[in-house]
Amino acid sequence: MKTSLLAALTIFVLFALTTTNPSVVEAQVLDTDGNPVEWSTNYYILPFVWGPLGGGLTLGRHNNSICPLYVTQEPSDLSNGLTVAFSPRISRLPFVTSSADLSIRTTGAAATCKLSLVWKIVPESTRLWFVSTNGNSNFPTSIFKIEHYESYYYKILFCPAQSPIPTLCKGLGIYIDDDGTRYLAIGDDIEPFRFVFKKAEVSQTQNYIKTMV
């Protein structure tokens with residue numbers, strides 16, 4: 001009875017918010033099935049088209065270091081990569097909306113070191129920043145936004161309101177290193193990548209990071 005009452009109240013609040021404020025509906029971030037992307041739910045972040053753009057996002061090593069792991073892209077479009085979950089900075093809605101401050105955490109993975117799997121940006125050079133793990137959702141370096149790119153495609157921005165780097169507000173893109181590793185990164189010469197979000201089945205979340213040697 002309590003569960004049914006809670007579900008009914010949730011539906012009522014959602015209906016009231018979306019019917020009295022049409023802009024909320026317009027701002028919803030949708031998954032590949034056309035449903036709102038929900039907080040704390042597992043999704044794959046994939047290229048907007050399959051093919052030469054590669055596969056989903058995963059985790060990998062950087063400069064032969066075991067920790068922390070960096071956010072990378074699967075080279076093959078046959079792989080969805082690892083799931084992620086979004087957490088709101090401040091939100092009263094049960095779903096993700098465009099331009100809302102949020103943190104991102106890789107899920108469904110066995111950590112190879114005892115560090116957080118929350119994303120954060122780290123400097124690679126003066127003009128290039130990579131996305132790594134070991135972030136903290138309360139820190140500005142771990143705050144991201146999702147914005148509509150076009151149609152059902154989206155870009156992920158690092159652009160927190162209280163950024164330690166005020167001039168930095170760029171979309172995450174793919175940087176291919178000399179060894180072919182595809183890092184999720186931001187930089188002056190990196191174009192924002194167009195992503196889609198695919199909700200994962202419960203059985204699909206039991207993935208593990210590949211053995212990397």
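This is a predicted model: local features need pLDDT of at least 70, side-chain atom pairs count only at pLDDT 80 or more; totals for chains, interfaces and linings use all residues.

Biologist: Noted. How many helices and strands does the chain have?

Modeller: The secondary structure comes to two helices and 13 strands.

Biologist: And how much of the chain is buried?

Modeller: Of the 213 residues in the chain, 43% are buried. The chain exposes about 11,500 Å², and carbon and sulfur atoms supply 54% of that area.

Biologist: What share of the contacts join residues at least 24 apart?

Modeller: If we take the contacts between residues at least 6 apart in sequence, 57% of them join residues at least 24 apart.

Biologist: On to the inside, then. Which residues touch the most other members of the largest nonpolar core?

Modeller: Those are Phe86, Trp119 and Phe197, in a core of 34 residues. Strand E9, residues 153-158, gives this core its largest share, which is three residues. As background, nonpolar side chains in soluble globular proteins tend to be buried together.

Biologist: What is phenylalanine 197 in contact with?

Modeller: Leaving aside the neighbours within four places in sequence, phenylalanine 197 is in contact with residues including Val29, Leu30, Val37, Ile45, Ile146 and Ile156. Tyr43, Phe86 and Tyr154 are also among its contacts, and ring pairs link these three and Phe197 into a cluster.

Biologist: Going back to the cores, what lies apart from the largest one?

Modeller: Another core, of seven residues, lies apart from it, and Tyr70, Phe130, Ala185 and Ile190 are among its members.

Biologist: You mentioned ring pairs. How many aromatic pairs does the structure hold?

Modeller: The structure holds eleven aromatic pairs. One of them joins phenylalanine 130 and tyrosine 175, whose ring centres are 5.7 Å apart with the planes at 45°, so this pair is tilted. Because phenylalanine 130 lies in strand E7 (residues 128-132) and tyrosine 175 in strand E11 (residues 173-176), the pair ties together parts that are 45 residues apart in sequence.

Biologist: Are those two buried or exposed?

Modeller: Phenylalanine 130 is buried, with a relative accessible area of 1%, whereas tyrosine 175 is partly exposed, with 29%. Another tilted pair is formed by phenylalanine 193 and phenylalanine 195, at 5.0 Å centre to centre and with 50° between the planes. Phenylalanine 193 is buried at 11% relative accessible area, and phenylalanine 195 is buried at 1%.

Biologist: Which residue lies over the face of tyrosine 149?

Modeller: That is lysine 155, which lies at 5.7 Å from the ring centre.

Biologist: Now charges. How many salt bridges are there?

Modeller: A search of the whole structure finds five salt bridges. In one of them, the side chains of aspartate 188 and arginine 127 meet at 3.1 Å, N to O. Aspartate 188 lies in the loop between strands E12 and E13, and arginine 127 in the loop between strands E6 and E7, so the pair ties together parts that are 61 residues apart in sequence.

Biologist: Which residues are linked with them in a network?

Modeller: The network of salt bridges links Arg127, Lys170, Asp188 and Asp189. Aspartate 189 meets arginine 127 at 3.9 Å, N to O, and aspartate 188 meets lysine 170 at 3.7 Å, N to O.

Biologist: And how exposed are the members?

Modeller: Aspartate 188 is partly exposed at 44% relative accessibility, as is arginine 127 at 47% and lysine 170 at 27%. Aspartate 189, on the other hand, is exposed, with a relative accessible area of 67%.

Biologist: Last topic, the backbone. Where is the cis peptide bond?

Modeller: The cis bond joins cysteine 67 and proline 68, with omega at about -5°, and proline 68 is found in strand E3, residues 65-73. For context, most peptide bonds are trans, and most residues other than glycine have a negative phi.

Biologist: Which residues have a positive phi without being glycine?

Modeller: Asparagine 64 is one of them, with a phi of about 65°, and this residue is found in the loop between strands E2 and E3. Asparagine 64 is exposed, with a relative accessible area of 77%. Serine 99 is another, with phi near 75°, and its place is in the loop between strands E4 and E5. Serine 99 counts as partly exposed, at 34% relative accessibility.

How values were computed. Residues are numbered from 1 along each chain as its sequence is written. Side-chain values use heavy atoms; hydrogens and water are left out. Helices (H or I, at least four residues) and strands (E, at least two) are DSSP runs, numbered from the N terminus. Buried means under 20% relative accessible area, exposed over 50%, partly exposed in between (1.4 Å probe, protein chains only). Rings of Phe, Tyr and Trp (its six-membered ring) pair if their centres lie within 6.5 Å; planes under 30 degrees apart count as stacked, over 60 as edge-to-face and the rest as tilted. A charge sits over a ring if NZ of Lys or CZ of Arg is within 6 Å of the ring centre and within 35 degrees of the ring normal. Contact means heavy atoms within 4.5 Å. Accessible areas come from the Shrake-Rupley method with a 1.4 Å probe; for residues, only the protein chains shown count as cover. A nonpolar core is a set of buried Ala, Val, Leu, Ile, Met, Phe, Trp, Tyr and Cys residues joined through side-chain atoms within 4.5 Å. A salt bridge is a side-chain nitrogen of Lys or Arg within 4 Å of a carboxyl oxygen of Asp or Glu.
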